[in-house]
Amino acid sequence: MRGIISSAGYVPYRRLQRASIAQFFGSGGGKGARAVASYDEDTTTMGVEAARRALGALDDTGVDDRTTELDALWFSTTSPAYLDKTNAAAIHAALRQPARVGAYDFGGALRSGAGALRSALDGHGTTLVVLADQRGGLPTSSDESAGGDGAAALVVGPDGPGTPVVAELLGAASFSDEFVDRWRSPGDQRSKVWEERFGETRYVPLGAQAWQSALTSAGLEAAAVDRVAVTGMHARAVRSVGRALGVRPDALTDGWADAVGQTGAAHVGLVLASMIEQSEPGQVVAVVSLADGADVLVFRVTAARAAWSPADPVAGQVARGSDLSYAKFLTWRGAVTPEPPRRPEPARVSSSAAWRNESWKYAFVGSQDRTSLAVHLPPSRVSMRGGAVDDMEPVVRADTLATVATFTIDHLSFSLSPPIVFAVLDFDGGGRFPLELTDVEPDAVAIGDRVAMTFRRLSTADGIPDYFWKAKPVRTHERSGTATTTGGGR
Amino acid sequence: MASHGIKDQVAIVGMGCTRFAEHWDKSLDDLIIDAAQDTFASAGVAKDDIDAYWFGTAQSGMSGITLARPLQIQDKPVTRVENYCTTGSEALRGAAYAVASGAYDVAMALGAEKVKDSGYQGLNAFPIPGDGTARTLTAAAMFSMVAPAYAQKYGVDEDQLGEVLARISWKNHQNGARNPRAQFRKEVSTETICASPRVAGRLGVFDCAGVADGAAAAIVVRAEDALRYTDKPLYLKALSFAVGSGSGLIDPDYDYTWFPECAATAADAYRQAGITDPLHELAMAEVHDCFTPTELVLMEDLGFAERGTAWKEVLAGTYDRTGALPVNPDGGLKSFGHPVGASGLRMVFEAWLQLRGEAPPERQIETDRTVALTHNLGGYPGEMVSFVSVLGTQLG
């Protein structure tokens with residue numbers, strides 16, 4: 001029996017109210033809000049955040065994540081930070097995975113997210129499937145308003161004593177067809193779509209065929225399905241296929257279209273993670289993904305679900321979003337370029353220096369002097385207390401909460417979104433480090449605030465993203481150790 | 001640990017200093033030549049009389065050739081030094097120890113910086129390849145964290161502390177207005193200071209040092225030779241230098257209300273010079289007022305006030321030009337400007353003028369005290385380098 005051992009979604013903190021688009025342009029927009037990746041996030045960083053939550057939920061079952069041995073880490077997105085170079089490798093580093101874990105990208109097409117998940121479910125060993133996407137389009141386009149940014153991570157593998165599956169795969173089907181409905185040329189920032197009604201005529205029969213095929217392989221009738229979501233970028237087809245599933249009326253969920261938006265290659269994982277979070281043992285959950293065909297996955301939530309507790313449920317992340325002005329949205333997307341601070345832009349990261357310091361830079365691992373117990377961030381060979389040489393243990397601070405000892409707001413330093421809020425942080429369990437804050441309102445920071453670590457992209461120079469950690473306010477802290485934040489804004 | 005010092009072994013016998021300004025029309029070479037010529041003239045020597053040079057520049061050039069080429073010094077030892085913003089003091093230190101050792105008879109320390117060719121405001125560090133995790137915060141932001149920490153620790157209302165910081169800026173502008181070599185020669189009201197645009201934290205534009213091009217130099221000889229060059233030499237009473245380990249940044253015990261490196265150099269320098277009551281023994285002090293909270297904290301680190309009381313002394317005018325201990329009578333970094341490699345020597349230049357009674361009458365300090373202090377720091381709270389010198393007109 002194979003299935004999902006743990007899962008999580010990641011919804012970035014910022015929301016664009018769709019109405020704000022029409023307020024600016026007089027057209028476009030719509031109802032609800034979409035999730036927006038921060039200026040310092042990309043698909044790799046969002047993937048890390050989702051993966052930390054999926055693995056963090058395993059930690060909380062009392063099972064050390066070191067025993068959740070992964071065989072592979074797969075990453076899928078339509079908007080990768082790098083081409084040629086594997087983006088999954090940075091996620092692998094941020095998660096402190098051992099070298100023997102293969103890291104691969106499934107890139108390019110929207111369908112690659114569903115494909116990665118299906119392949120992991122059909123395959124063998126334990127695979128962490130990470131899906132992330134940033135979706136947008138030209139100002140006032142429906143892609144701009146209906147799209148969303150987000151990520152999902154699913155630990156897929158065999159049912160085992162230390163790692164029971166919380167959702168057992170009952171059946172699956174994938175149907176493919178070649179038709180040009182939505183396309184984008186390499187390098188283009190926008191997608192183009194054929195007349196909607198044509199695509200709908202293709203997706204509706206493909207969806208129905210895949211649905212029936214998957215139910216048959218699961219040995220279930222549609223009425224047995226407790227929760228199902230249809231996802232895809234083609235909104236009309238999503239609605240039509242949903243109506244034709246034949247499930248109980250209360251079983252069809254909206255898939256976060258109004259509150260998050262369609263997160264492209266990540267969406268199938270995001271809605272699946274969300275449905276598992278909302279389900280009880282014994283329930284049947286299914287997802288239908290429409291992208292150049294149809295993929296259907298049908299699961300039964302297992303008894304192990306009762307002992308598994310999500311690190312940071314999607315619904316909670318959706319609820320604690322904070323609105324972003326349309327002007328900031330356009331700026332962060334590169335659609336407009338405001339005057340930057342007149343300071344030099346950051347230099348290119350040294351590849352060799354970054355590699356030497358991989359555990360510090362990507363995983364926020366410092367060192368602790370065995371004698372004085374002084375924590376050194378970054379790791380140090382010589383102790384600041386007592387001067388012991390080469391007598392330190394690695395100490396992970398990525399999942400540790402910290403308290404703001406003092407802070408400042410820098411109006412001069414270069415930033416993609418000035419001003420920079422910078423704080424001196426004292427970590428629980430020892431260690432101090434001055435670090436930038438993010439997902440924060442500068443006026444609301446105070447000495448004594450609690451913050452959690454988050455993996456971000458500081459800048460990009462010469463095409464190399466500079467990944468490192470920042471801290472963000474703990475809005476309502478659910479549990480220590482998972483570095484997650486829940487609840488409403490301050 | 002020994003730090004013996006070289007009290008009364010070395011004397012400054014000539015000094016020069018350019019105006020500090022946005023010298024769009026002057027190159028680094030021009031600044032070096034102008035400062036060097038003034039200094040040769042001040043000591044009554046020619047270039048060929050100098051046996052060795054210590055040249056300080058933080059990032060305007062590399063190697064001794066940056067000095068040797070414009071001055072056309074042939075086959076003499078020229079040592080280029082860099083130690084953040086204490087670069088100029090470091091040049092003096094090298095030259096002084098060289099003559100004290102007997103290796104040379106006459107040495108020159110020259111500091112110069114051309115900062116205004118970068119196209120950016122403020123100072124910008126030379127980029128060293130790294131892993132991308134280094135802080136990119138401005139110095140203003142790093143030092144801005146001192147103000148709220150000080151206010152909280154000593155129970156000073158933040159608005160009242162704002163008045164204290166404005167008073168420091170006001171005083172340094174008062175002094176700079178009386179200094180023809182200063183970058184900013186205008187008195188500024190505390191209202192204007194408080195209303196200036198924020199740069200970082202609570203710090204506004206008028207809380208920050210001026211950024212200028214400039215050069216300054218000194219010629220040193222062994223004390224016993226000093227009177228051959230001038231009737232009024234300045235004897236080096238103390239030179240102290242300390243480099244922090246940088247652990248303040250990662251040590252939860254550091255509270256941003258003092259600079260341990262500065263306190264250490266002050267204690268060492270007072271011991272070398274035999275000073276026990278600096279507030280009442282020093283004729284004046286030049287201190288590293290890169291930002292107004294820095295000067296405030298330094299008053300305590302340098303022993304001019306008890307911990308937690310300097311803010312009251314500032315408001316009482318203790319450090320005004322006519323106060324108990326004039327601090328930064330030349331306008332300080334605030335109004336004189338801060339060409340990194342030159343600033344340490346510029347501070348000594350003010351002591352040179354004041355102790356010899358050669359400052360312009362409108363800012364000459366009336367005192368019978370004969371020793372002065374310069375304090376120069378580089379880096380940031382938590383990772384700092386610090387220098388203190390004590391200079392005097394009398395031996396013994």
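This is a predicted model: local features need pLDDT of at least 70, side-chain atom pairs count only at pLDDT 80 or more; totals for chains, interfaces and linings use all residues.
Figure 1. Chain B holds 13 helices and 11 strands, taken as DSSP runs (helices H or I, at least four residues; strands E, at least two) numbered from the N terminus. Residues are numbered from 1 along each chain as its sequence is written, and chains are lettered from A in the order in which they are written. Local features need pLDDT of at least 70 and side-chain atom pairs pLDDT 80 or more, whereas totals for chains, interfaces and linings use all residues.

**Figure 2. The side of chain B that touches chain A.** Here 31 residues of chain B contact 33 residues of chain A, a contact being two C-beta atoms, placed from the backbone, within 7 Å. Elements of chain B giving two or more residues to this side are α4 (139–144), α5 (146–154) and β5 (198–200). Its residues comprise 15 nonpolar, 12 polar and 4 charged (nonpolar: Ala, Val, Leu, Ile, Met, Phe, Trp, Tyr, Cys and Pro; charged: Asp, Glu, Lys and Arg; polar: the others, Gly among them).

**Figure 3. Helices α6 and α7 of chain A.** The axes of α6 (residues 196–218) and α7 (residues 235–243) of chain A come within 9 Å and cross at roughly 35°; they are lines fitted to C-alpha atoms over the stretch in contact, with angles from 0 to 180 degrees between N-to-C directions. Residues of α6(A) including Tyr203(A) and Val204(A) meet residues of α7(A) including Ala237(A) and Val241(A). This contact has 4 nonpolar, 3 polar and 3 charged residues.
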